Structure formats: structure tokens, C-alpha cells
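Subject: Structure for your files

Hello,

Here is the structure I said I would pass on. My notes follow it.

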Amino acid sequence: VPVDQDQILLVEDDPDVRDALEEILEDEGYVVAVAENGLEAVKRLSAHEPPAVILLDLMMPVMDGYEFRRLQLADPRFATIPVIGISAGVLDDRIEAMQLTAAIKKPLDLKALLDAIRRCCRPVSRA
Amino acid sequence: METLLRPSGIPAVGELPWGSHFCQFYGEREDLVDSLVPFFKAGLENNEQCLWVTSEPFGADDARAMLGAAVSDLDERVRRGQIEIIDHRDWYMRTQTRSASDVLQGWVDRHDRALERGYEGLRLTGNTYWLERKDWRGFIEYESRVTKTFSGQRIIGLCSYCMGKCQGKDVLDVVRNHQFALVREEGDWELIESGALKVAKEELQRLNVELEQRVEQRTAALENALRIRDQFLSIASHELKTPITSLQLYVDGLLRAYKREPLPAEQAATRLAKAKDQCGRLARLVNQLLDVSRAASGGLPLETEVLDLSELVRGASERCSEQLRRAGCDVTVEAAAPVVGSWDRTRLEQVVTNLLANAAKHADATKVHVTVREEGPSATLTVRDDGRGIAEADQERVFDRFVQATPHADAGGFGLGLWIVRQIAEAHGGSVTLESKPGAGATFMVTLPRRLP
């Protein structure tokens, strides 16, 4: 993995949750990019090398996780990037169509989250 | 409304309220069969206790046979005691020695027993064929008291008079002492009712319609309240889970980092401070929920002191400036001259904070202008932005509880901010107004009397 390539794209609207997750993932040795909503994530994908995994909050302003995932699946360049969904709400029947690698409810079970990420990529370094 | 009107079973009469006392004039035996059989059939089918006192031209056996042809399980109902069919001679023997008052009390007792036994009420008929002329006066006096006795009770009474035995004056007596009369002319039944009764029936009908409308309105309002509550619960759980998630992540992250190697003190302090911020965020959310229940159960308690509103607004705006800057809003505060009054400091800070937080969400990165002015006995605080504005239809609604312009969108929070602003303004004897046009910004103005009323 080239050092300048993102391993994890973290898409989360709440600045504190985003900051805390970024801190933990970087502690674990991952290279993390962040986006504050689905639209920002689409922009990030188009401008950079694809990440190994996307951590996707489902309820977000501007463009939510469902809409982001729909666009992602429709674009052959990004469709194969695995997505781990995270949500504070009820995971309803829309989840099925999203073909997620894992869906984790908030408050997050950190071990489950890190396990799911580890199945997609290994950390490049220990900070 | 099931209890108000009962089917009479007689097409010309239609539905009747409890307490009805009416009469019919019959000529032929057929007239009686035509009216009384459907009258009792309707009573039996609607779980009423029935009493049929027969008279010439037919006796109890005839009546039972005729009703039996219309009601298939009549025998069973007779056995159960739902209906009594008594020949007038037997009935007369029971009642002749009793005073009118006793007879009337007898009806009420019978009605009470019917209700005790689980019936909806009492339906009865008597026939006056056996009346001798000499008894007429006393009988009419008795009839005149029946209407009053039945009123307010779950009783419907139909009195049958043989047309052939009534003289002209008698007909007047009879009609006068009943609510309305049923007569048959050339084969068709006709209802003769007094003007007063007509008006009363129309009134009852109107009240019925009105009541149904009210029930519908209330039901719709309750359904709406339930929908808003469900929406609120979903928003509230999302809002509470978010700081819990970040708090837990900061703590988990610290623990994991510590397990690897001790963190430098400065780094540890920074990360603990972030965790502490999340505790503050949670506490604020919980306090908002408490405000809702406080305000809903009789107003927010105020702790007033003499203070300068201008100074308070400058300070609170300063504390919000970071949040507004992140939202792209440029804030100017015009509050130089002191405006002194007696207010609750914490609550007014909340007003400023909520109005500015609202602007940060909805002002679309335009300029936000805050003004404090003294206007005679009052002070005004104005927060104006040049954002997208609010449609007129939504202008009153924004002050409601749990309302968000766009649920789950860029708003965040419980949708309580402006509602709390209004509660605080009103607790001070003041008010909050909104002036806005779509596309042309919004101005919130809080007016506060400088002394509590």
C-alpha cells in the first residue's frame, strides 16, 4: 500500500464522533481520510485513489449514507470498495439493499468495528 | 353515538332518544300489529328489556304469536325474561289499587332492574282500550306525569289509543300529554309532533353532528400528537446516542492507547478534555428534556436579578461566535447602551444561545445581526439573518415543540430551541415574534418587560 493512499474513508457528520474515530483508527496505525457527508465522500473518492474500506454513517445531512451507497454501487470505479455502515437509528429494511460488509449500531462496539475493518485491510504502521 | 338514539322499529318514527313517550291512534287490529311488532322486534334486537301490556282487540297469546313470527328466538327471550307480554286484565289487577305516583315509580323500578340485569334500557307499551270513560280524567293526569318521569331515564314508552273510543276532546288531551303522536291515515303512518319537539329533535341532531365532528377533530389531533411524539423519540434517541458514541470512543481510545504505552501528560489531558466536552453535551441535552417537562407542568421557575441585557447579549454572542464562524455566519452585535431590567440571567443566556444556534443552522452562511434596545418599559432583543427565510405557513409552527425545519438534516438537536425561547420569554411576561419572507431572511424579536409583571 502506498503510504499516501487512504486506507479508510470515514464518512460521519458529527464532528466529535468523527474526531474520536479518526484518533482511534490512527492510533491503530491506519491512514484515515474523513468526509462530513455523502457528497463530500463522493468528491473525495473522485479525486483520490480508492480506499480499502469505507466507514459510513447512515443518517447525515446534505447526502445520507443510503444515497451515497446507491451512487457508489452504480459507479464501477468504486462499487467494489467494501462499506461498513454505522448508525444511531433503527436499521430498517433498506439495509438489505445496501450490501454492507457489516452494520454496526451506535454507541459503537469498538472491538466489532476494528474486527470488521481488519477483515478489509491491515494497518500500515503504528503511530 | 350509540347511546343517544335507539331504533324505534317503526319507519315513520325512525330513531328515538331515551326518555321518549309517544302515542299512537289505531283503527284496525292491523294497525297495532304493524306498529307494535316491529317496535318490540327492534327493542329485543337491541338488548332492551321489553314490556307489552296488551288489550282488545287481541290478548297476550295473540301478541306472542304475532311477535314470534317476526322474532325467531322469542321463546328463549321470554324464558330469559327479556320480554314480558301481559294481558291488560292481569296488568290492571296489579295496578288498579295503586296511585299514579306508585305506578310511575313502578316503571322506574322496572327500568333500574333492567339496567342491573345488563339491558340497555326499558321499552314498553300499554293500551287504553279497557279504560272506562269515568276513569279518563285520572288517566290523562297520569299520562301528563309520564313524560316527566321518563325524561332522563333509559325508557321508551308507546301508548296505544283506539281511535273509535276517543272523542274529539280526548284526542287533544292525549296528543297534549305525549311528545308526539302516530296516526294512520289511508294506509300510511303519519307523525304529528309539536313544534317544540321538532326544534328539540333538530337540536339533538345538530348536537350529534357537532359531537361527531369534535370527536373526529380530537382524534386527528391525538393522532398528530402521537406522530410528533414518535418522531421526537426517534430524534431524541439519535441525539443522545451521538454524544454517548463519541464519549465512549474517546474513553475507549484512551484505554487502548494506554495499554500500548503511557501517553504524554499533555496528550492525555487533551483527550480527556474532549471526553469531558461530550459529558457537557449530554448534560445540555438532558437539561433541555427537563425544561420541556418543567415548562409543560406550569412554567419555568425564574431566578431574577437586576442585570444589563446588552452586556449579557455581548457575552453570550461571544461564546457562540465560534459555532457561527464554523457555519460561515458573520455576527455583528449592536448592544452598546446598557438596558437594565429584572430578569433570569441563565435563561436569557439560553435565549441568545438558542436564537444564534438557530441562525447557525438556518442562516445559510449569511450575516447575523444582533440588536438590543430599550423601548419604554420593555427591552427588545432582535436576531436577524439574510438566510433562506421561513414560509408564512411555517412561521407559527417553528415555535412548537419538537419541530424541525428538516428532520434529521442539518439541524441536529431536539427541535426544542425556539420552543424554549418562547417559554422563557413568556415566563418573563414577554413574547417572541418572527418576521420572515422566503428568500429574504428571518428576524426573531424577543420583547421583555423590564420588570416582572
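In chain B of this predicted model, five strands make up an open sheet with mixed pairing, in the order E11-E13-E14-E16-E15. The edges are taken by strand E11 (330-334) and strand E15 (431-436) of chain B; each has a single partner strand, so one side of each has no neighbour in the sheet. From one strand to the next, the twist averages 15°. Within this sheet, strand E13 (residues 367-375) of chain B pairs with strand E14 (residues 378-385) of chain B over eight bridges, in the antiparallel sense. Glu375(B) is the residue opposite Ser378(B) in E14(B).

Helix H12 (residues 417-427) of chain B is mostly covered, with eight of its eleven residues buried. These are Leu418(B), Trp419(B), Ile420(B), Val421(B), Arg422(B), Gln423(B), Ile424(B) and Ala425(B). What do the buried residues of H12(B) pack against? They pack against H9, H11, E15 and strand E16 (442-449) of chain B. After H12(B) comes Gly429(B), which has a positive phi, near 80°.

Two packed helices are described by the angle between their axes and the distance between the axes. For helix H11 (residues 345-362) of chain B and H12(B), the axes come within 9 Å and cross at roughly 150°. The crossing of H11(B) past H12(B) is left-handed. On the H11(B) side, the contact is made by Arg347(B), Leu348(B), Gln350(B), Val351(B), Asn354(B), Leu355(B) and Asn358(B). H12(B) contributes Gly417(B), Leu418(B), Ile420(B), Val421(B) and Ile424(B). Sorted by class, the residues in this contact are seven nonpolar, four polar and one charged.

Helix H9 (residues 265-296) of chain B has 32 residues, which at 1.5 Å a residue should span 46 Å; the C-alpha atoms at its ends are 46 Å apart, so the two values agree. The buried residues of H9(B) include Arg271(B), Gln278(B), Arg281(B) and Asp291(B), along with Ala268(B), Leu282(B), Leu285(B) and Val292(B).

There is another sheet in chain B: seven strands form an open sheet in the order E5-E4-E6-E7-E3-E8-E9, also with mixed pairing. Strand E5 (83-87) and E9 of chain B are at its edges, each with a single partner strand, so one side of each is left without a neighbour in the sheet. Direction ignored, neighbouring strands here are turned by 15° against each other on average. Strand E4 (residues 49-54) of chain B runs parallel to E5(B) and is joined to it by five bridges. Thr54(B) stands opposite Asp87(B) of E5(B).

Which helices lie on this sheet? Helix H2 (residues 60-70) of chain B lies across E4 and E5 of chain B and runs at about 145° to E5(B). Helix H6 (residues 136-150) of chain B packs on the sheet and touches strand E3 (21-26), strand E6 (122-127) and strand E7 (155-162) of chain B. The direction of H6(B) makes about 155° with that of E7(B).

Ile192(B) lies in strand E9 (residues 188-193) of chain B. Leaving aside neighbours within four places in sequence, Ile192(B) is in contact with Phe180(B), Ala181(B) and Val183(B). From Ile192(B) to Cys23(B) is 169 residues in sequence, but 9.9 Å in space, C-alpha to C-alpha.

Regards

Definitions and conventions:
Residues numbered from 1 in each chain as written. Chains lettered and ligands numbered in written order. Predicted model: local features only at pLDDT ≥ 70, side-chain atom pairs only at ≥ 80, totals over all residues. Heavy atoms only, no water. Axes fitted to C-alpha atoms, helices over the stretch in contact; angles between N-to-C directions. Helix = DSSP H or I, 4+ residues; strand = E, 2+ residues; numbered from the N terminus. Left-handed = near helix turned anticlockwise from the far one by under 90°. Contact = heavy atoms within 4.5 Å. Nonpolar A, V, L, I, M, F, W, Y, C, P; charged D, E, K, R; others polar. Pairing = 2+ DSSP bridges. Expected span 1.5 Å × (residues − 1). Buried < 20%, exposed > 50% of the residue type's maximum accessible area, 1.4 Å probe, protein only.
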